[in-house]
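Here is a short briefing on the model shown below.

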Amino acid sequence: MAGDAHGPLEQFRIKELVDIPVAGVQLDITNSTVWMVVAAAGVIAVMVGGTRKRALVPGRLQSIAELAYEFIAGMVRDTVGDEGRKYFPLIFTLFMFILFGNLAGMIPYSFTFTSHIAVTFAMAAVVFVGVTVLGFIKHGMHFFSFFVPPGVSVFMWPLLIPIEIISYLSRPISLSVRLFANMLAGHTLLKVFAGFVPALGVAGILPLAFVSALTGLEIVIAFLQAYVFAILTCLYINDALHLH
Amino acid sequence: MPQLEQISTYASQIFWLVVVFAVLLGVMLRVALPRVQGILEARQKRIDDDLARAAALRDEAEGVLRAYEQAQADARAEARRLLREQQEAAAAEAAARHAALGERIAGDAEAAEARIAEARRQALAGIEAAAGEVAQAMTARLIGVEVDADEAANAARQAGA
């Protein structure tokens, strides 16, 4: 299937646009790079361009900017509390970048950079390492008590502590695979059903209707996955700050 | 699956992710988030100010209302006082006039009684005189004796008494 130029996975292929070899490593500008820039530019257009007038009664773009700000600020406040204020810019940027990446991927012929495990895992790894470092800075060696479930008898520790450690270490994997797999599956499904439309002739109206409905669902998933990534990051920060 | 096949692109993807994300984070941190926060705070301040001003205006209006009600109560009390004074004055004057009228009526009644007594006396005197003349005339006609007018009058008076 990978060799098929029109297969449903072909849309995920990274195409080199500008060849930039640096010390034997290819740091090429690719279609992925372009759509990262598009997503970032979209976020800046809304958050900076939309708030240019600083209107007392906001227009459409400013409303979106304020809504996004208050939404993420509320999320950070609810999950982490007031100490979470420091991490708000990072969580906000993560959410907006993933959201706009997901949404830009819905544009026909575009590329969804969040459908690549390299990207999602890099983000999840930064969150994981950052949160772990934060936990050690905040609590020192006491951070290890996080792996000991409170109120459990000592005899259960040999069983539960490994489970807790595995669960902790699997966080970056679940965080990255969740986003990557959702984007991959949704876009693949769209492509598969879109392929049925010309193949079925007049009856192709049915898969067309399905693809239309699925597109709506995919837009919801684009929001949902950005939200899940952001709120899990908040929860991890909360764990690091407050342990149990 | 290109995600797992194009391992040679991982470096490029992660490099550009870091670059683009860092730039975006910088713009959010420096420009966008402080600006949105400023907008929201300015709006909240404006709302708070408006609420404070509305509360001040309400207090002022309540003060005016209280002053008005006080003035109205004062005016009512003053009106009641004036009314009472006028009523008392009117009552006193009415009593005085009533007394004066009573005196005048009593005076008039006495005078009238005196006049009636005088008239009665004159009338009685007239009747005595007439009775004397009648007695004089009757004696002359009946027994042909001419009696003196005074005698006749006395006789008539004695007969009348």
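Of the 161 residues in chain B, 12% are buried. In chain A, 33% of the 244 residues count as buried. The model is predicted.

**Chain B: extent and make-up**

- The C-alpha trace of chain B spans about 195 × 35 × 15 Å along its principal axes.
- Its secondary structure consists of 3 helices and 0 strands.
- Along the sequence, the pattern of chain B reads α-α-α.

**A residue of chain B: B:Ala56**

- B:Ala56 sits in helix α2 of chain B.
- Is B:Ala56 buried or exposed? There are 10 other C-beta atoms within 10 Å of B:Ala56, and a residue with 12 or fewer counts as exposed, so B:Ala56 is exposed.
- B:Ala56 and B:Arg121 are 65 residues apart along the chain, and their C-alpha atoms are separated by 97 Å.

**Chain A: extent and make-up**

- Chain A holds 7 helices and 4 strands.
- The order along the sequence of chain A is β-β-β-β-α-α-α-α-α-α-α.
- The C-alpha trace of chain A spans about 65 × 50 × 45 Å along its principal axes.
- Take the contacts in chain A between residues at least 6 apart in sequence: 61% of them join residues at least 24 apart.

**Chain A: α2 against α3**

- Helix α2 (residues 60-79) and helix α3 (residues 88-104) of chain A have axes that come within 10 Å and cross at roughly 125°.
- From α2(A), the contact draws on A:Ala68, A:Ile72, A:Ala73 and A:Val76.
- From α3(A), it draws on A:Phe88, A:Ile91, A:Phe92, A:Phe95 and A:Met96.
- How do the residues in the contact of α2(A) with α3(A) divide by class? There are 9 nonpolar, no polar and no charged residues.

**Chain A: α4 against α7**

- Helix α4 (residues 117-139) and helix α7 (residues 205-242) of chain A pack at an angle of about 20°.
- Their axes lie 8 Å apart.
- Angles under 35 degrees count as roughly parallel, and α4(A) and α7(A) are therefore roughly parallel to each other.
- The crossing of α4(A) past α7(A) is right-handed.
- On the α4(A) side, the residues are A:Val127, A:Val131, A:Leu134, A:Gly135 and A:Lys138.
- They meet A:Thr233, A:Tyr236, A:Ile237, A:Ala240 and A:Leu241 in α7(A).
- By class, the contact of α4(A) with α7(A) has 7 nonpolar, 2 polar and 1 charged.

**Where the chains meet**

- Chain B puts 32 residues in contact with 35 residues of chain A.
- Which helices of chain B each supply at least two residues of the side that touches chain A? They are α1 (2-5) and α2 (10-143).
- α2(B) gives the most to this side of chain B, with 25 residues.
- The side of chain B that touches chain A divides into 22 nonpolar, 6 polar and 4 charged residues.

Methods. Residues numbered from 1 in each chain as written. Chains lettered and ligands numbered in written order. Predicted model: local features only at pLDDT ≥ 70, side-chain atom pairs only at ≥ 80, totals over all residues. Contact = placed C-beta atoms within 7 Å. Nonpolar A, V, L, I, M, F, W, Y, C, P; charged D, E, K, R; others polar. Buried ≥ 20, exposed ≤ 12 C-beta atoms within 10 Å, placed from the backbone. Axes fitted to C-alpha atoms, helices over the stretch in contact; angles between N-to-C directions. Parallel < 35°, antiparallel > 145°, perpendicular 65-115°, else oblique. Left-handed = near helix turned anticlockwise from the far one by under 90°.
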